[in-house]
Amino acid sequence: MAIGKFPIEKSHVMMFARSIGDSNKIYYDSEYAKQTECGEIIAPPTFVQSSAQFDPDYFLRPKIGEEWFGSAKGPTGITKKDSSGSGSGAGGGLHAEQHYVFHKTLKVGAVLTAEVKPGKTWEKEGRKGGKLKFSETVTEYRDQDGELVVTATGVGVRTERPATSN
Amino acid sequence: MTLHANDIKIGDSYEEEICDNLSRTQIVMYAGASGDYNPLHSDEIFTKEVAGYPSVFAHGMLSMGMTGRMLTNFVGDGRLKYYGVRFTAQVFPGATLRAKATITDIRDENGEKIADLEVSTTNQEGIEVIKGKASARLDQ
């Protein structure tokens, strides 16, 4: 998987900041940002997660003309039984860890590309029995000058039964 | 706001309430902005009847994002060098979360002063939902 063009846009950054409840002016007010050491509206630290919007094949976004596994007339829109489907059924994948290394401050106006590399995989026995399968992906975000901006490492876990916290 | 190396010491901490009675709408806002439309976060019918969870729950990345707000309020904008977390428990609608950062080290790296921090976010029952670390550049 790769993302060819991830433009860092002002209104996207504003909406993302609102969605994490952050009213810091550095995320929407150009005049304010100019007076700070950043000099320009910047993106919140976890913003690159929203590169999913620019991934044409991102599997957690409904696509026109394709069945979606969320509810519609029935509790799921998938008409064929397919236990291997992403997230359908009890054994869906969950996010276990996320790490970011910041090489440069990400500012509005940058245009990133993302290259995804598979990382390690490992297995662990769950607390309540059942195998937990972990897999790591490393995403390198580079700007229009080819400079590394953020390295993101995500760890996903697939469970054999629904994970609950209590 | 930025942090000056002379003004802080190992063991200093900062904390904030990062959400109060988390709404399903806030979770939907995060889905819309981030592009992660997994029905586990917004579709109560699917989540209960097909996936088998008691209710929709927040994206781990929403909790990480809100915890990141506490961090940037503490260390300043554009100052983070590293931020990483483990998601240790799910966050359900109605959650009230507090996030805390504690300075564990202050060190020199390539001519910069860096603070290492331990990060922890807990819910209204005292259960830790995020356990992480961060590093930030300081003024010197």
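The largest nonpolar core of this predicted model comprises 71 residues, a nonpolar core being a set of buried Ala, Val, Leu, Ile, Met, Phe, Trp, Tyr and Cys residues joined through C-beta atoms within 7 Å. A residue counts as buried if 20 or more other C-beta atoms, placed from the backbone, lie within 10 Å of its own. Those with the most contacts inside the core are A:Val13, A:Leu106, A:Val150, B:Leu71, B:Leu97 and B:Ala134. Helix α3(B) provides the largest share, eight residues; helices (H or I, at least four residues) and strands (E, at least two) are DSSP runs numbered from the N terminus. Leaving aside residues up to four places away in sequence, A:Leu106 touches A:Ile8, A:Ile42, A:Ala43, A:Phe47, A:Val149 and A:Val150, where contact requires C-beta atoms, placed from the backbone, within 7 Å.

Residues are numbered from 1 along each chain as its sequence is written, and chains are lettered from A and ligands numbered from 1 in the order in which they are written. Because the model is predicted, local features need pLDDT of at least 70 and side-chain atom pairs count only at pLDDT 80 or more, whereas totals for chains, interfaces and linings use all residues.

Chain A contains two helices and five strands, arranged from the N terminus as β-α-α-β-β-β-β. Of its 166 residues, 30% are buried. Among contacts in chain A with a separation of 6 or more, 60% are between residues 24 or more positions apart.

An open sheet is formed by 10 strands in the order β1(A)-β3(A)-β4(A)-β5(A)-β2(A)-β2(B)-β5(B)-β4(B)-β3(B)-β1(B), with antiparallel pairing; two strands pair if DSSP finds at least two bridges between them. On average, neighbouring strands are turned by 20° against each other, direction ignored. Helix α3(B) packs on the sheet, touching β2 of chain A and β1, β2 (80-87), β3 (97-109), β4 (112-122) and β5 (128-138) of chain B. The direction of α3(B) makes about 140° with that of β1(B), with axes fitted to C-alpha atoms, for helices over the stretch in contact, and angles running from 0 to 180 degrees between N-to-C directions.

Within chain A, strands β2 (residues 93-102) and β5 (residues 148-159) run antiparallel and are joined by nine bridges; A:Gln98 has A:Gly154 as its bridge partner in β5(A). Between the chains, five bridges join β2(A) to β2(B), also antiparallel, and A:Tyr100 is partnered by B:Tyr83.

Across the interface, 45 residues of chain A are in contact with 42 residues of chain B. On the side of chain A, α1 and β2 are the elements that give two or more residues, and β2(A) gives the most, with eight.

In helix α1 (residues 24-34) of chain B, the buried residues are B:Ile27, B:Tyr30, B:Ala31, B:Ala33 and B:Ser34. Their cover includes α1 (10-19) of chain A and α3 (60-75) of chain B. Just after α1(B), B:Gly35 adopts a positive phi of about 90°.

Chain A averages a pLDDT of 89, and 88% of the residues score at least 70; pLDDT is the predictor's confidence in each residue, from 0 to 100. Over residues 82-91 of chain A, pLDDT stays under 50, and the model has 22 contacts beyond four places in sequence for this stretch. Where pLDDT is low, predicted coordinates should not be read in detail.

Note on methods
Contact = placed C-beta atoms within 7 Å. Buried ≥ 20, exposed ≤ 12 C-beta atoms within 10 Å, placed from the backbone.
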